[in-house]
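Please find below a note on the model under review, arranged as numbered points.

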Amino acid sequence: MSTFLRGLLLLVGITLAPPAFGNCLTANETKQGVLLTREAPFYSVFYKPDGPGLTEQRLMERDGSLQPVSAVYLHPLLVEKRVSASGTHELKYANAIALDDLPEKKNWQSGTTLFINGKKSDSGTTFIRFDGLGEETIASCSYKVWAINSRLKLAELPPIIFEQYYSPELHLVLRSVRLSSSNHPLSEVRFDRFQIGWGN
């Protein structure tokens, strides 16, 4: 059985488990892996730290069915590889990944190359901008976050723009809004509950 399929079966099992209530998430607990779930439309993602980045296993409801996606992040704000039913998409960055001091530097950018199923497909630039501080709430727990604007502009595709709310303490993005090229919200992921420590 492939690693991806084993991960998917694990994720199905834990999303059907009863929610965990009690204390709020801590930085130490997130090291064990964290499952974040939105009830409707259903969207559940299991994050586990992997060095400075993390791995992701996701189930989302689309067109009446659950669709699995797995991903690897160089930093919680910067995806490197995503695997789904449509294939494997990889992004290679020309610059060093230096995002932990965004509040001081305000911006980061890098030349970016897209590979689809191992073949170079497109190239352009990734821009990440710090827009300020805020708070996000999940299951009655509040967390300090950075408001981040992330934009991937490739030569052959419309820009991919997200507004992300990142907790530097938890090392996780707690809310994400997809924006149009004119900065109008297209979709949003905001979580209702969390569970800790599966997948070890």
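1. What does the secondary structure of the protein come to, in helices and strands? The count is three helices and 13 strands, where helices (H or I, at least four residues) and strands (E, at least two) are DSSP runs numbered from the N terminus.

2. On the basis of the values: this is a predicted model, in which local features need pLDDT of at least 70 and side-chain atom pairs count only at pLDDT 80 or more, while totals for chains, interfaces and linings use all residues. Residues are numbered from 1 along each chain as its sequence is written, and side-chain values use heavy atoms, with hydrogens and water left out.

3. On confidence: the mean pLDDT (the predictor's confidence in each residue, from 0 to 100) is 87 for the protein, and 88% of its residues reach 70 or more. Confidence is highest in β7, at 98, and lowest in helix α1 (residues 3–15), at a mean of 45. The pLDDT is below 50 over residues 1–21, a stretch that has 34 contacts in the model beyond near neighbours in sequence; contact means heavy atoms within 4.5 Å. Where pLDDT is low, the predicted coordinates should not be read in detail.

4. On overall burial and surface: of the 200 residues in the protein, 40% are buried. Buried means under 20% relative accessible area, exposed over 50%, and partly exposed in between (1.4 Å probe, protein chains only). The protein exposes about 10500 Å², of which carbon and sulfur atoms supply 53%; accessible areas come from the Shrake-Rupley method with a 1.4 Å probe, and for residues only the protein chains shown count as cover. Among contacts between residues at least 6 apart in sequence, 39% join residues at least 24 apart.

5. On the core: the largest nonpolar core has 39 residues, such a core being a set of buried Ala, Val, Leu, Ile, Met, Phe, Trp, Tyr and Cys residues joined through side-chain atoms within 4.5 Å. Leu-36, Leu-102, Tyr-143, Leu-174 and Phe-194 have the most contacts inside it. Strand β9 (residues 141–154) gives the most to this core, with eight residues. In soluble globular proteins, nonpolar side chains tend to be buried together. Leaving aside neighbours within four places in sequence, the contacts of Leu-174 include Leu-36, Tyr-143, Val-145, Ser-167 and Phe-191.

6. On Ser-167: this residue is found in strand β10 (residues 160–167). Ser-167 counts as buried because its relative accessible area is 1%. Not counting residues up to four places away in sequence, Ser-167 touches Lys-144, Val-145, Leu-172 and Leu-174. Its side chain also reaches the backbone nitrogen of Leu-170 at 3.0 Å.

7. On the disulfide: the structure holds one disulfide, defined as a pair of cysteine sulfur atoms within 2.5 Å. The partners are Cys-24 and Cys-141, with sulfur atoms 2.0 Å apart. The link is left-handed, with -85 degrees about the S-S bond. The pair joins distant parts of the chain, 117 residues apart: Cys-24 lies in the loop between α1 and α2 (27–30), and Cys-141 in strand β9. Cys-24 is partly exposed at a relative accessible area of 33%, whereas Cys-141 is buried at 4%.

8. On backbone geometry: a cis peptide bond joins Ala-40 and Pro-41, with omega about -15 degrees. Pro-41 is placed in the loop between β1 (34–38) and β2 (43–50). Asn-117, a residue other than glycine, has a positive phi near 50 degrees; it lies in the loop between β7 (107–116) and β8 (119–138) and is exposed, with a relative accessible area of 51%. His-171 likewise has a positive phi, near 65 degrees. The location of His-171 is the loop between β10 and β11 (172–179), where it is partly exposed at 21% relative accessible area.

9. On Lys-106: which residues does Lys-106 touch, not counting residues up to four places away in sequence? They are Ile-128, Arg-129 and Phe-130. The C-alpha atoms of Lys-106 and Ile-128 are separated by 8.4 Å, although the two are 22 residues apart along the chain. Lys-106 lies in the loop between α3 (102–105) and β7 and is partly exposed, with a relative accessible area of 40%. A polar atom of the Lys-106 side chain lies 2.9 Å from the backbone oxygen of Pro-103.

Methods. A polar contact is a pair of N or O atoms within 3.5 Å; within protein, one must be able to donate a hydrogen and the other to accept it, and residues adjacent in sequence count only if both atoms are side-chain atoms.
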